[in-house]
Amino acid sequence: MKLPNLLTLLRIVLIPVFILVYYLPYAWSPWAASAIFGLAAITDWFDGYLARKLDQASPFGAFLDPVADKLMVAAALVVLVEVFASPLVTVPAIVIIGREIVISALREWMAELGARASVAVSNIGKIKTTLQMVSILILIAMPLYSPLSWLGIVALYGAAALTLWSMVLYLRAAWPHLSDDI
């Protein structure tokens, strides 16, 4: 096991820890859960950096890293949907989770066709991921509808908008392959 893969596995292990800590009956629980989520988010950046810097990229890491990211974000969004219990958070959460399912399936299908590179991660995806992480960090830590939680909601909508935009770009890139069967 190489360090980048261990960091990715750590991110997956932190998911139930994050959820457990969030639901502890203490006033500090949301802050601690946000810190755990933040640690997991940092490992997302750090494992990729180390894999490139140390030339330790691996097929296992290439598979597991996006899975860990999606599990982490989906788990946090589900917690936020339950906590806020409002369409204000539910709608962008559904958009984000739904897009991840569609694009994951699209990437898998394009890989089978040997055209995976046409749906590779873009800079918009990296900005979207950053906005998602920031919004989730804020929304986990802040009380419902506090001034800072509104900033988190705005960031969540920004992430959802970029999510839709990047999905359009991915679908447009894949369209020549998709339209062959129509």
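Q: Which residues is Ala51 in contact with, leaving aside its neighbours within four places in sequence, and what does contact mean here?
A: Once its neighbours within four places in sequence are set aside, Ala51 is in contact with Pro4, Gln56 and Ala57, where contact means that heavy atoms lie within 4.5 Å. This is a predicted model, in which local features need pLDDT of at least 70 and side-chain atom pairs count only at pLDDT 80 or more, while totals for chains, interfaces and linings use all residues. Residues are numbered from 1 along each chain as its sequence is written, and side-chain values use heavy atoms, with hydrogens and water left out.

Q: Why does Ala51 count as buried?
A: The relative accessibility of Ala51 is 15%, and buried means under 20% relative accessible area, with exposed over 50% and partly exposed in between (1.4 Å probe, protein chains only), so Ala51 counts as buried. Ala51 lies in helix H2, and its C-alpha atom is separated by 27 Å from that of Ala33, which is 18 residues away along the chain.

Q: What makes Asp44 buried, and which residues does Asp44 touch?
A: Asp44, placed in helix H2, has a relative accessible area of 15%, and therefore falls in the buried class. Not counting residues up to four places away in sequence, Asp44 touches Arg11, Asp65, Asp69, Thr129 and Met133.

Q: Why is Tyr145 called partly exposed?
A: The relative accessible area of Tyr145 is 34%, which lies between the buried and exposed limits, so the residue is partly exposed. Tyr145 is found in the loop between H5 and helix H6 (147–178), and it too is a residue other than glycine with a positive phi, near 55°.

Q: Where in H1 does the kink lie, and what does the bend at a residue stand for?
A: A kink of about 30° lies at Leu14, shortly before the proline Pro16; the bend at a residue is the angle between axes fitted to the seven residues ending there and the seven starting there. H1 (residues 3–22) has 20 residues and reaches 28 Å from its first C-alpha to its last, close to the 28 Å expected.

Q: Why does Ile15 count as buried, and which residues is it in contact with?
A: At 13% relative accessibility, Ile15 is under the limit and therefore counts as buried. Ile15 lies in helix H1, and, leaving aside its neighbours within four places in sequence, its contacts are Ala68, Leu71, Met72 and Ala75. Ile15 and Ala68 are 53 residues apart in sequence, yet their C-alpha atoms are 9.1 Å apart in space.

Q: What makes a space a cavity, and how many cavities of 30 Å³ or more does the structure hold?
A: On a 1 Å grid over the protein atoms alone, a cavity is a set of points where a 1.4 Å probe fits but cannot get out, and lining residues have an atom within 4 Å of a point. The structure holds 1 cavity of 30 Å³ or more, and the largest cavity has a volume of about 40 Å³, a volume being the space filled by probe spheres set on the points, which are joined across faces, edges and corners. Its lining consists of Leu14, Ile15, Phe18, Ile36, Phe37, Ala40 and Met72, with H1 and H2 each supplying at least two residues.

Notes: Helices (H or I, at least four residues) and strands (E, at least two) are DSSP runs, numbered from the N terminus. The expected span of a helix is 1.5 Å times one less than its number of residues. On a 1 Å grid over the protein atoms alone, a cavity is a set of points where a 1.4 Å probe fits but cannot get out, and a pocket is an open set with protein on both sides within 12 Å along at least five of seven lines; lining residues have an atom within 4 Å of a point.
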